Amino acid sequence: MKFEVPRPPTHTPLLAIGVQNKRDFLPGEVVLLGAGPGDPELLTLKAYRLLKEADCVVYDRLVSDDIMAMVSESVEKIYVGKKQSEHTLDQIDINQLLVDKARSGKKVARLKGGDPFIFGRGGEEVQDLLKAGVACRVVPGITAASACTTYSGIPLTHRDFVHGCTFVTGHLQDGPDGQQLSLPWDVLAREDHTLVVYMGIKTSPILSRELIKHGLPGKTPVGLIRQGTTENHQTYRTTIENLSEFIKDNEIKSPTLIVIGNVVNALQEEAMLGDITSAIPVGNISI
Ligand SMILES: C[S@@+](CC[C@H](N)C(=O)[O-])C[C@H]1O[C@@H](n2cnc3c(N)ncnc32)[C@H](O)[C@@H]1O
């Protein structure tokens, strides 16, 4: 018996944009789903619906166990997580796997930590899917910068302190002189700006050195948020001049988000003043 590869109707664009993002999950389609940073309650309703409709889930290292527990047992689950340089599958193989699963007529959910389009290689995966003629779409997720800082009591922007916020990657890139971290330091070293660094633990000595060299005061506050929004959520505070030593002394490992700027301590004083138990009606406290 010849198996017919399901295809979206011809008038449908391969990349579902705008209102097309509301359509049902098509057999043969790949949906990149943002899983958020860990807390399962931060999954969007759309991601939840599509996850329930999927019959194959291809997932990353940063997708929490709580979210994977929502996937029914009968659904095929394929782990393709990467840990620093230990790759389970190369990106090229992951892309091919997605194409193959889609061509076999599955509804493929490609579950990624945070938001697929923020340092998640979602753009590359979509490009390869489209080149292969596979219908796809992307469902945004709550990115680490937003959720981890909020759970740590750090407002990314605050009118009294900053006028903007920038997300950068601390991941080393191949350059003419080998691996390097080439960021626009003179633009980033600003006191009236919040800088969020993804994947910056290994390169923190370069971060501190370059930001200070380009004019950021050494006492600028830095927040480090490890395993944000999960049961193991941890928040640390230091300064840019002490950053790399602090990371070493406290053995801080990935996944950790680095937040640099005066917003890091913006709510500290008020938070310390409050007594949370007095704000909660006694009847609601369970001990
Ligand atoms: C490959 S990037 C993926 C980012 C993801 N697409 C997002 O939007 O959050 C991985 C980096 O994101 C940050 N990250 C992601 N989830 C995190 C979490 N729960 N806690 C702290 N940092 C996190 C860390 O810097 C980690 O090294």
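Visitor: How many helices and strands are there in the chain?

Guide: The chain has ten helices and 14 strands. Helices (H or I, at least four residues) and strands (E, at least two) are DSSP runs, numbered from the N terminus. This is a predicted model, where local features need pLDDT of at least 70, side-chain atom pairs count only at pLDDT 80 or more, and totals for chains, interfaces and linings use all residues. Residues are numbered from 1 along each chain as its sequence is written.

Visitor: Thanks! Which residues of helix α1 are buried?

Guide: First, the general idea: an α-helix has 3.6 residues a turn, so residues three or four places apart point the same way. A residue is buried if 20 or more other C-beta atoms, placed from the backbone, lie within 10 Å of its own. In α1 (residues 45–53), these are Ala-47, Leu-50 and Leu-51. They cover an arc of only 105° around the axis, which puts them on the same side of α1; the arc is that of the directions from the helix axis to the C-beta atoms.

Visitor: And at what angle do helices α3 and α4 pack?

Guide: Axes are lines fitted to C-alpha atoms, for helices over the stretch in contact, and angles run from 0 to 180 degrees between N-to-C directions. Here α3 (residues 91–103) and α4 (residues 122–131) pack at about 50°, with axes 10 Å apart. That makes α3 oblique to α4 (angles under 35 degrees are roughly parallel, over 145 roughly antiparallel, 65 to 115 roughly perpendicular, the rest oblique). Gln-91, Asn-95, Leu-98 and Val-99 of α3 meet Glu-124, Glu-125, Asp-128 and Leu-129 of α4, contact being C-beta atoms, placed from the backbone, within 7 Å.

Methods
Two residues are in contact if their C-beta atoms, placed from the backbone, lie within 7 Å. A residue is buried if 20 or more other C-beta atoms lie within 10 Å of its own, exposed if 12 or fewer, and partly exposed in between; C-beta atoms are placed from the backbone.
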